[in-house]
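Subject: Structure handover

Hello,

Here is the structure I promised to pass on. Please open it beside this message and read along.

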Amino acid sequence: MTRDRRLAWINGLLLPLFNVLTAFLATAVVFLFIGVDPIKATKILIYGALGYDEGLGYTLYYATNFVFTGLAVAVAFHAGLFNIGGEGQAYVGGLGIALVALYINPALSAWILIPLAISGGLLFGALWAIIPAYLQAYRGSHIVITTIMFNFLASALMVYMLVHVLREVGQMSPESRNFPEVVWLPFVHDVFAGFGYNIAKSPLNLSILVALFFSLLVWFFLWHTRWGFAIRATGKSNDAAIYSGINPKKIIVVTMCISGALAGLVGVNELIGVQHRLFLNFNYGYGFGGIAVALMGRNHPVGILIAALLFGILYQGGAELDFELQNVSRDIVVVMQGLVILFCGGLEYLYRPLLIRFLAPIET
Amino acid sequence: MNDLLLNLILTLDASFRVCIPLIFASMAGLFAERSGVVDIGLEGKLLMSAFIAASAASVFGSPWIGLIAGMFASCVFAMIHGFASITYKGNQIVSGVAINILASGLTMILTLAWFKKGGITPTLQSDERFLSITLPGVDIIDHIPLIGVIYRELISGHNILVYLAFAIVPLVWWVVYRTRFGLRLRAVGENPKAVDTAGLSVEGLRYKALLIGGILCGIGGAYIAIAHNAQFTKEMTAGQGFIALAALIFGKWHPYKVLAACFLFGFLDALALRLQGVVLPVIGEVPVQLIEAIPYLLTVILLAGFIGKAIPPKASAQPYIKEL
Amino acid sequence: MKNSHIAIELIDVDKHFGAVHANDKVNLSVKTGTIHGIVGENGAGKSTLMSILYGFYQADSGQIKVFDQDFISTNSRQSIEAGIGMVHQHFMLVENFTVLENVILGSEGGALITESLEKARIELTRLAKEYGLEVELDVAVEELSVGMQQRVEILKGLYKGAKVLILDEPTGVLTPQESDELFRIFEALKKQGVTIILITHKLREIMSITDYVSVMRAGKMVAHRQTSETNPEELAELMIGRKVLLNIVRTEAKSGDPLLIASNLEIHNEQGIKRVSEVSFEARSGEILGIAGVTGNGQGTLLKALAGILPLSKGSIEILGETISPKKSLNPQELRNLGVAHVPEDRQRMGLISDFSASESALLGYQNDKEINQGVWLKRSLVKANCESIMEAFDVRPTNPDLKSSNFSGGNQQKLILAREFERNPQVLIIGQPTRGIDIGAIEFIRKRIIEMRDAGKAIILISVELEEIMSISDRIIVMCDGEITGTVDAANADEATLGMMMANALPSDKQITEAQL
C-alpha cells in the first residue's frame, strides 16, 4: 500500500478509533474512581442498549436525535464555524413544530401536515441561528459566545411561552395541549404491527427515516453541489473563497441557517414522534451531544450515523446503569460526551505521531 | 435618608457581590488570551472549583481548605486545556467546550457518589464559609449622613474574597505592564515567533498564563459556593464564565476596563433582581424570564459591536507551529 | 575565544525534515571579520542551515564550532549567548510594541522593566550612532517603514552582543538604493570586527560586497570561492548544476488594441488605508505589461482591485467592454465570465486550497460552470476529467487529480494554477509573482507559457518584485512606489539603475516625464 493510502487509513479510521477508545478508557477510570466495576458497568450498558427489543428501540430513538444535531454541527464545521447553539436551536425548532401542530387546520391530510410541521422545525431552528450568524459575518462577533448566549435565551423564551402562552387554562404543568393525532408520526412498533409483526413497544418512530433522509441530503449537498463546494472552500480558506467568487459572509449566514434548521428537527422525533405535545427541556443534552457526534464522526454523514448510534447506545445503556446501580446516574453519559469531545476534538492528534512512526514511516 | 438613594446603595452593594466571580474569571481569561490561548473553559473551571471547594469545606470543616482545593481542581482543568491546546496544538475552542461539559457531568456524578444527593453538596455551617467582615470604625462613622451609610453597606460587610477581587485587579495590571513576565506574555500573544527567536519558551509562557488563570478561576468558583452561597448546587455558575468572556472582550483585554465591564454586568444583574415582581408604570410587571434573560441579551448586544470594535491579541487561538 | 581566526565552523551538519534531506553533510568555514555569502536557489537549504546555527532547529548530526569552542544549541538563547544574531527574512517583531520594547524582549536584565528600558535606551543610542543605525526608539514598530524595521532587527542583534550577524535575504524588501545603504552598514560593522553571513539568491549582491561565497544546491554544500576569484556565470552554474540561460530569447511583441484601460485609480486596502492613488495605464492585446516595485508599494492592492476582490474608491477600469467604477463593481465571478483570468500572488492561501484534492483546487472560480453542473448536481467525474486534461496540458506532476494539493511541489502547484486560468482561453491575464519560490525548471516553463499567451494576442499584466523577471519578459514596464506610478519605460530601453531610482521615487521630475514619453 502506498504511503498516501496508509496515511488516509490512519487519518480516516485508526486515529478516530484510538481517540474513542481512549475516551472509553478514561470513563472506565471515572467508574473506578466512584467505586464501580467498569467491566460490570459495560456489560449492563451493552445489555441495556442492545440486549432486548425494547432497549434497542430506545437506543435507535435516542440515536435519531443525535443524527440531527450531529449533522447540524458538522455542516457548520465544514464552513469553519463552531455551532454550539444546537441546544437552543433544537428547543426553538420545537416551538415551530408545535405551532404548526397546534394551529394549522387539523382537517388537512397528514401528508400535508407532517411535512409542514417538519418545515416549521427547520424554519424556527434556522431563525434561532440567523442572528448569531449575521453578527459573526458582518460584525465580527464571536459565534461561539453568541450561540451560547442564545442557548440561555432560548431557555428563557421557551419557559415564557410554555408558562404564559401555550399552557392550557387550569393546567398546572407548563406544557401545551396535545397535538391532534393527524400530525403524529407513527411509532415503528405500530407500523410493524400493521404488517403483522409484533415487536416490543418503544418510542422509536418514523422520524428515524427523516434522519436518514437528511443524512443523505447533507452528503449530497456538501460533496455533490456547487453550494456545498462553496461552503467547504470557505471553511478551508477565506482568501481562496473570495478569489473563487464566493462571498464568505453570505456563506456564513446560509450555513448557520442550515445548521440551525437541522438541529430544529430534534422536535420531529421528540414532539410529533413521541410526546405529542410541547414541554420543557425536551431538547436537553442533544445539542451538546451533537458536538461529540460530529467530532467523532469527523463531520461526514456516514461517521455521524455511526457515532449517533454509539451515543444512542450510551444514552440507553446509561439509563439502564442508572436503574441498576445505586451510585451512578445518567450524567455519566455527559462525562463521556466531554471525554469524547476532548479526545476526538481537542486532543485529536494525540496518537498521530506514534501511528505514523509505526505504520507509515518515511522511507529514507 | 431618601428611599431611592438607599435603594441605589443597596443595589450597588449587591452588584459588588455579584460581579466577583466575573472579575476572577475575566482576569483568568485575560492572562490566557493575552498569551494567545482562547479560554472558553472558564465556565467549567468555575463550576468544578465551586463543587470541589464546597465539598472540601464540608468534609474538612474549613473554608480555607475549600479555597485551596477549589484552586487545585481548577488548575487541573487548566492544565488539561493547556496540554490539548499548547502541547498537542489542538483546537482551543473545542477543548474549552470539552472542559465545560466534563465539569458539568463530573460534578453531578461526584455529588451522587460522594454525598448520595444528586446535584448538591451538604449545606455549610457558618464556620465552614467565608463570612462578611465588618471593617473597623463602622460605628463611629455611622452617624455621618450619607458617608456613614455608604461605609456601612457598600464598603464594609463583604467577605474577604470580595476585597481580594478588587485588590487583584491592580495587581494584574502591574504584572502585565510593569514586569518582565508581562512584557513576554504580551509578546507571545502578538508574535510568538519573535519570542521564540529571542530565546524564550513560547509553550512555557502559555502554560504559566493558563496556570495563573486556573488559580484565579479557582478563587472565583470557591467564592460562588462557599462565600456567596453555602453549598454547591447543580449548574450554579449559570453562564457566568461566558459573561466573563464577554466582559473581557468589552474591556478590550485591559484590566481596568474589564473590571468596569464586570461591574456593569453585576449592576444590571442586581438591578434585574430588584425589579422582580415590581410593577413598573406603563410596562406592568416584567416577566421573570425577561429579567433572567437580560445579562445574556446584553452580552449579545455588546458583542454585536455597538459599543466599539474589539481587536484581540494577534496570535489568539492559533497553536504555535515552529516553522520559518 | 573571540580573537580566533574562524568565527563559525560547521562540520558534516545533517538535517532531515521528514523525507526532505534539507542539509546533507554540510561543511562551512567562516573567517572572523569577513562578509561571507551563502547562495543557492529556493529550497537549497540555506535558511535551514542558518536556523540550526541560530538554535531555531536542531541538527540531526554533525558538529558546530563558534570561535573554536564546541557549540550545541537547543534554542535561540544559547546562540544569542554565544554571540550569534539573526535577522530573519520575515521580521520577528511585535508590531504594537515600541522599538525599545522589541529590543529588550528576552534580554530585559531584571524582573521589572522600567529600569531595564532606561538602561537599554542609553546603550541603544550609543550603538545606533556607532553604526549609523539611527531609529526612533519610542515609536511603535508597525509605524516604521520596512527599512527602519530592518534596522531595529539589526540593533536587536547588536544589543544582545552579537559578534556574528546572519541576515536572511535582507534586500528582498528594499529598493536598490536602500540596499546600498545596508551594505554601507555592513562595512561599518566589518570594521568593528563583526562577522557577517549573508544568505541571498541575488548574485549581484554577492559579487558587490562579500569576501567569500559558499554555494548550496539541493541540501548539499557544493563549492566555496573567494569572491574576487569567481563570477556570476560560474556561481549560477554551481547553483543550478548546469549552464543556465540567464535571459529568455523572445520575439518582438505585436501589440494591438487596449483591452484594459485603468484611469486615475484610487484604491484602499482591506484595512481601509489608501494604497493606490492616481494610477492610470493600459494593457494591450499581444503585450506583457510588467509592474515593478518593491514589495508593499501598492502593487498587491492594485492586483486585487483588478481581480474584483477590492473595490475602487476613485477612478475607473474599462475592461473588455465593461466599466468598473466605485459605483459599479464586478466580483471575481463576473470578471471570469468576461474573460479575465487571475493568477494570485499567494498561491497557497488564495490560488489553491491545500487540503483539497487537485481536482477540487482546479475547480476554484469555475465551480458554477454549466459544463460540469447538471441542475443541482456537480458532476465529480467531469471535474476530475477536466483536471486531468489541464494537468497534461501543463505537465503537472504527478498527474493525479485525487492527490491533495499540498502534496505537489511549489512549481507543480503554480503550473496547476496557471493551467486552470490559461486553459479557459481568457482575453486578459492578471498575474502576480508567478515564479516565487519555484525551481528553475518550472520557472522556464512558466515564463515560456506566459509569452505564448502574449503571442496569442492576450493582454497580460504581470506584477513581480523580482526586477530581473520583469526585465526579462515584459514588453513595457511601469514602476510603482508608494501607491503611485513613478515611471513608464519600454523594456528594450530599461536599465536597472533607472528602474531602481523609479522604485524609490528618487528620479528628478523632468527625467520622469522623459521616460514616460517613450
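First, the ground rules. This is a predicted model, where local features need pLDDT of at least 70, side-chain atom pairs count only at pLDDT 80 or more, and totals for chains, interfaces and linings use all residues. Residues are numbered from 1 along each chain as its sequence is written, while chains are lettered from A and ligands numbered from 1 in the order in which they are written.

**Chain C overall**

Chain C has 18 helices and 22 strands. Both are DSSP runs numbered from the N terminus: helices are H or I with at least four residues, strands are E with at least two. The chain is divided into domain 1 (6-240) and domain 2 (258-351 + 426-516). Those bounds come from an automatic or database domain assignment. The C-alpha centres of the two domains lie 33 Å apart.

The C-alpha trace of chain C spans about 75 × 50 × 50 Å along its principal axes.

Buried residues make up 47% of the 518 residues in chain C. Buried means that 20 or more other C-beta atoms, placed from the backbone, lie within 10 Å of the residue's own.

**Strand 21 of chain C**

Strand 21 covers residues 476-481, and six of the six are buried, so the strand is largely enclosed by the rest of the structure. C:R476, C:I478 and C:M480 point one way; C:I477, C:V479 and C:C481 point the other way.

What does strand 21 of chain C pair with? Strand 13 (residues 287-292) pairs with it in the parallel sense over four bridges. Here C:I291 has C:I478 as its bridge partner. Strand 22 (residues 484-490) pairs with strand 21 in the antiparallel sense over six bridges. There C:M480 is partnered by C:I485. Pairing requires that DSSP finds at least two bridges between the strands.

Strands 21 and 22 of chain C form a hairpin with two residues between them. In the turn, C:D482 has a positive phi of about 55°.

**Chains A and B**

38 residues of chain A are in contact with 37 residues of chain B. Contact means C-beta atoms, placed from the backbone, within 7 Å.

Best wishes

Key:
A residue is buried if 20 or more other C-beta atoms lie within 10 Å of its own, exposed if 12 or fewer, and partly exposed in between; C-beta atoms are placed from the backbone. Two residues are in contact if their C-beta atoms, placed from the backbone, lie within 7 Å.
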